[in-house]
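Trainee: Could you take me through this model feature by feature, giving the general idea and then the case at hand? I would like to begin with charged side chains.

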Amino acid sequence: MAKIDAKMVKELRERTGAGMMDCKKALTETDGDMDKAIDYLREKGIAKAEKKAGRIASEGVVAAYVADDAKVAALVEINCETDFVAVTEKFHELCDKIAKHIAETNPADVDALNASTLEGKTVAEIVTEAVASIGEKISLRRFERYENASGRIASYIHMGGKIGVLVDLSGGTAEIGKDVAMHIAASAPTAIDRSGVKAEDLEHEKEVLRAQALEEGKPEKIVERMVEGRINKFYQEVCLLEQPFVKDPDKKVQEILGDVKVERFVRFELGEGLEKKSEDFAAEVAAQIKG
């Protein structure tokens, strides 16, 4: 039996909005498995669907670069150890420089990016120099590059680099592009439309909805009809075109786009999927004094 501690309960509360005792019971019933505990709470009707953003864990910046003609763009996440460094002008300049370099050189992956040449040095050497200057570990975590010969690419950076978005559009204006990118940053869709929803995500949602209906005491013979009815709400939550537009919730994103088509999009949220180390500040200071 896994040990359930306060940190686990706190994390589950933050991810589901459920009460402390409900979270503790869910973790106990699922032997400390966080994902299963979330499903448990949803099946009991205690929690809503968990947001897909994941845990914000590492510090750093998500930076974007879009060429003047809006045909080429890049989005990159670069991590550091503290928010103190992440907000500095020097760190932001480094991130912006690397984002532009990605757009212009099209590296195959992070290893190729590190090995590529920028201003007479490899990117890895530039990062190493920054580490020496700033005094913190810096790592290039991931990037995405878009190129569109016929349409336009728009970007949006939220909260000084906590969330970044690129959206590739066929047609449209710069204003529409920015509005859609801003919406994606705020609403975190996972697909453009229903055809883009992953089969495993859809089946998982159906399983949770079935369990919810049975928990409510609904007869098994009507459960499937209920699931099919409720799955539409799931689509409206995860599909970009079906989401209420953040600047005018009375309209769907599809309505504000008109003839403009969203070809693809990418959304980075700083540190998603990474776990931040737990630090005892008093112990750290004491260790430094002792050392």
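Mentor: Glutamate 228 and lysine 206 form a salt bridge, their closest N and O atoms being 3.6 Å apart; the term stands for a side-chain nitrogen of Lys or Arg within 4 Å of a carboxyl oxygen of Asp or Glu. The pair links distant parts of the chain, with glutamate 228 in helix α10 and lysine 206 in helix α9, 22 residues apart. Helices (H or I, at least four residues) and strands (E, at least two) are DSSP runs, numbered from the N terminus.

Trainee: What should I keep in mind about the origin of these values?

Mentor: This is a predicted model, in which local features need pLDDT of at least 70 and side-chain atom pairs count only at pLDDT 80 or more, while totals for chains, interfaces and linings use all residues. Residues are numbered from 1 along each chain as its sequence is written, and side-chain values use heavy atoms, with hydrogens and water left out.

Trainee: Is lysine 206 counted as buried or exposed?

Mentor: Buried means under 20% relative accessible area, exposed over 50%, and partly exposed in between (1.4 Å probe, protein chains only). Lysine 206 counts as buried because its relative accessibility is 17%, whereas glutamate 228, at 41%, counts as partly exposed. Helix α10 (residues 220-238) also holds glutamate 220, which counts as exposed because its relative accessibility is 68%.

Trainee: How many salt bridges does the structure hold?

Mentor: In general, side chains of opposite charge can pair when their charged atoms come close. The structure holds 22 salt bridges. One of them joins aspartate 168 to arginine 264, at 2.8 Å from N to O. Aspartate 168 lies in strand β7 (residues 163-170) and arginine 264 in strand β10 (residues 261-269), so the pair ties together parts that are 96 residues apart in sequence. Aspartate 168 is buried, with a relative accessible area of 4%, while arginine 264 is partly exposed at 29%. Another salt bridge, at 3.3 Å between the closest N and O atoms, is formed by lysine 44 and glutamate 215. Glu77, Arg141, Arg142 and Glu272, for their part, are linked in a network of salt bridges.

Trainee: Which residues touch the most other members of the largest nonpolar core?

Mentor: A nonpolar core is a set of buried Ala, Val, Leu, Ile, Met, Phe, Trp, Tyr and Cys residues joined through side-chain atoms within 4.5 Å. In the largest one, which has 26 residues, Ile78, Phe91, Ile98 and Ile138 touch the most other members. Helix α5 gives the most to this core, with seven residues. Apart from this core lies another, of 19 residues, including Leu169 and Val253.

Trainee: Which residues are in contact with isoleucine 138, leaving aside its neighbours within four places in sequence?

Mentor: Contact means heavy atoms within 4.5 Å. With those neighbours left aside, the partners of isoleucine 138 include Ile78, Phe91, Leu94 and Val127.

Trainee: Where does threonine 16 lie, and which backbone atoms lie by the polar atoms of its side chain?

Mentor: Threonine 16 lies in helix α1 (residues 6-16) and is buried, with a relative accessible area of 12%. A polar atom of its side chain lies 2.7 Å from the backbone oxygen of leucine 12, and the backbone nitrogen of alanine 18 lies 3.2 Å from a polar atom of the threonine 16 side chain.

How values were computed. A polar contact is a pair of N or O atoms within 3.5 Å; within protein, one must be able to donate a hydrogen and the other to accept it, and residues adjacent in sequence count only if both atoms are side-chain atoms.
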